Amino acid sequence: MDFVGGVVAFVIIWVVVLFVVLPFGVRQPDETEEGHMPGAPDNPRIGVKFAVTTGITTALWAVLYVVVLNGWITLPLP
């Protein structure tokens, strides 16, 4: 796996993991103010979710890197 392939794999895994992590801990506000969407989360904690996503993605990418490096799965080159 070359550098560009590794970065592309990391970004794809990161986006997929982000969509898995986003719904965790979502709480809707008890009272909504006028002009606010009633389904909007009260405190989305997006920074924490980005950090968790990056940690999970790093672990998954490391596993993918070891698998490709050892030749257990070969990726076709164009």
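In the predicted model, Val67 touches Trp72 and Ile73, leaving aside residues up to four places away in sequence. Val67 lies in helix H2. Its relative accessibility is 17%, and Val67 therefore counts as buried, the cut-off for this class being under 20%. Val67 and Lys49 are separated by 18 residues in sequence, and their C-alpha atoms are 27 Å apart in space.

Helix H1 comprises residues 3-21 and helix H2 residues 46-69. The buried residues of H1 are Gly6, Ala9, Ile13, Val17, Leu18 and Val21. Viewed down the axis of H1, these buried residues fall within an arc of 165°, so they line one face of the helix. An α-helix has 3.6 residues a turn, so residues three or four places apart point the same way. The buried residues of H1 pack against H2. On the other side of H1, Val4, Ile12 and Phe19 are exposed.

The loop between helix H1 and helix H2 contains Arg45. The phi angle of Arg45 is near 50°, a positive value in a residue other than glycine. With a relative accessibility of 49%, Arg45 counts as partly exposed, because the exposed class requires a value over 50%.

Methods
Residues are numbered from 1 along each chain as its sequence is written. This is a predicted model: local features need pLDDT of at least 70, side-chain atom pairs count only at pLDDT 80 or more; totals for chains, interfaces and linings use all residues. Side-chain values use heavy atoms; hydrogens and water are left out. Helices (H or I, at least four residues) and strands (E, at least two) are DSSP runs, numbered from the N terminus. Buried means under 20% relative accessible area, exposed over 50%, partly exposed in between (1.4 Å probe, protein chains only). The arc is that of the directions from the helix axis to the C-beta atoms. Contact means heavy atoms within 4.5 Å.
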